[in-house]
2 protein chains.
Amino acid sequence: MVRWEPGAPGRLQQAALELFATRGFEQTTAAEIAQSVGLTERTFFRHFSDKREVLFYGQHLLVQAFLDGVDTAPPDVSPIEVVTAALAAAASFFPDERRPHARVRQSVIDQNPALQERELHKLATLAQTLAGALRARGVDELTATLAAESGITVFGIAFTHWIREGEQRSLAGIETEVLGQLRALTG
Amino acid sequence: MVRWEPGAPGRLQQAALELFATRGFEQTTAAEIAQSVGLTERTFFRHFSDKREVLFYGQHLLVQAFLDGVDTAPPDVSPIEVVTAALAAAASFFPDERRPHARVRQSVIDQNPALQERELHKLATLAQTLAGALRARGVDELTATLAAESGITVFGIAFTHWIREGEQRSLAGIETEVLGQLRALTG
DNA sequence: GCGACTGACGTCGGTAACTGACATCACCGT
DNA sequence: ACGGTGATGTCAGTTACCGACGTCAGTCGC
């Protein structure tokens, strides 16, 4: 007899995704999400700073994957190679088994501007963090910012393709192709 | 004797910027903004879909500047050159006289995550629009998306520098330097 | 084993961002 | 003169949050 079921944040996230996918984001109230797992609205907002945030639970793990990727790059390589390493690490964060879940989640986000805004902000923060890691390796500010933003752009485009219905390639494979196209574009 | 003072949206925007700059965004209520120009909260929300939007009044003009820039590019030039033309047009949208106002506005945005989210969303929409214009010129989808996103990235970084205290160069000048650095990075 | 303490939760009341429905009233065309 | 139009006001309602406080099973010192 435990007092509370454990893992409240995870249960709330799962319930929220299901409700958002069926009823829609705006048509789902925070109180409903909480009630569906036996909690109150107040508890929901103790775990998540706002209603949108419940869909972004665990984002710090992706950030960490990028940073780990930066660390795997040998010293004294060019900024792009560092970014390439970070992209590879990020790709391994999304194995193919995760694709169905990612699709559902993304379809919810795609249907709501407020959620798109939050996602863009998360990606922008990720880019800033990545730029900081590059600067810590001695890259000058402008180059670090450009490399980080370009890396996140590549990641975003590759992720969008990875999610597409019928897409078979791995995220890593798509990333390298998009990166190649970027080099071709600016060359 | 007119029934209402004309230009309600503009007056609301100016009043909002002043109040946000002094009291802060969250500490300013929509009703206060409206009252400060002799209107009601309801009227505020008739002109702006939400409280944040009042700071982005006129954004469509920037979008149009980008599109006009695309049109100035001669046919059959490379996507980058088209983007370069769009960046030049965007730069002429921000003459140096506008810098002080832009600084105040940006400092308000920088101090509030909700406003940053909205700004990122506007830029993302702009990138999508730009990509659409490139596709209309016959550029393939991936290249168009990459070129557009990279162009917006360059614009964003250049704009940030242009705003910096003590910065003297024109936005156009900064843009070309950032673009050059991007080419150097991927080359 | 007993009592203080802690941490996750519930309850309650409040603020402010929006929204829909309806009324108002100068102006404009006929 | 008169009906239509459009920008505005009024009002009541929903919901996302937030602060303060109460609750109670487990835990830890003694």
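1. Helices here are DSSP runs of H or I with at least four residues, strands are runs of E with at least two, and both are numbered from the N terminus. Please keep in mind that this is a predicted model: local features need pLDDT of at least 70, side-chain atom pairs count only at pLDDT 80 or more, and totals for chains, interfaces and linings use all residues. Residues are numbered from 1 along each chain as its sequence is written, while chains are lettered from A and ligands numbered from 1 in the order in which they are written.

2. Helix α7 of chain B itself covers residues 113–136, 24 residues in total. From its first C-alpha to its last it reaches 35 Å, close to the 34 Å expected at 1.5 Å a residue (the expected span is 1.5 Å times one less than the number of residues). Its buried residues include B:Leu115, B:Glu117, B:Arg118, B:His121, B:Leu126 and B:Leu134. A residue is buried if 20 or more other C-beta atoms, placed from the backbone, lie within 10 Å of its own, exposed if 12 or fewer, and partly exposed in between.

3. What do the buried residues of α7(B) pack against? Their partners are α7 (113–136) of chain A together with α4 (59–72), α5, α6 (99–110) and α8 of chain B. Contact here asks that two C-beta atoms, placed from the backbone, lie within 7 Å.

4. Now look at α5 (residues 79–92) and α8 (residues 141–163) of chain B, whose axes come within 10 Å and cross at roughly 35°. The axes are lines fitted to C-alpha atoms over the stretch in contact, with angles from 0 to 180 degrees between N-to-C directions. The crossing is right-handed, a term for a near helix turned clockwise from the far one by less than a right angle. Among the residues that meet are B:Ile80, B:Val83 and B:Leu87 in α5(B), and B:Ala147, B:Gly151 and B:Phe155 in α8(B). By class, this contact has ten nonpolar, two polar and no charged residues. Ala, Val, Leu, Ile, Met, Phe, Trp, Tyr, Cys and Pro count as nonpolar, Asp, Glu, Lys and Arg as charged, and the others, Gly among them, as polar.

5. Between the two protein chains, 25 residues of chain B are in contact with 25 residues of chain A. On the chain B side, α5, α7, α8 and α9 (171–186) each give two or more residues, and α8(B) has the largest share with nine. That side divides into twelve nonpolar, nine polar and four charged residues.

6. Around DNA strand C there are 17 residues, of which A:Ala8, A:Arg42, A:Thr43, B:Asp50 and B:Lys51 come nearest. A residue is near a strand if its C-beta atom, placed from the backbone, lies within 6 Å of it. Eight of these residues are nonpolar, four polar and five charged.

7. DNA strand D is surrounded by 18 residues, with A:Asp50, A:Lys51, B:Ala8, B:Arg42 and B:Thr43 the closest. The largest share of this surface, three residues, comes from α3(B). Its classes are eight nonpolar, four polar and six charged.

8. Finally, chain A as a whole: it has nine helices and zero strands. Of its 187 residues, 34% count as buried. Its C-alpha atoms fill a box of roughly 55 × 35 × 30 Å, taken along the principal axes.
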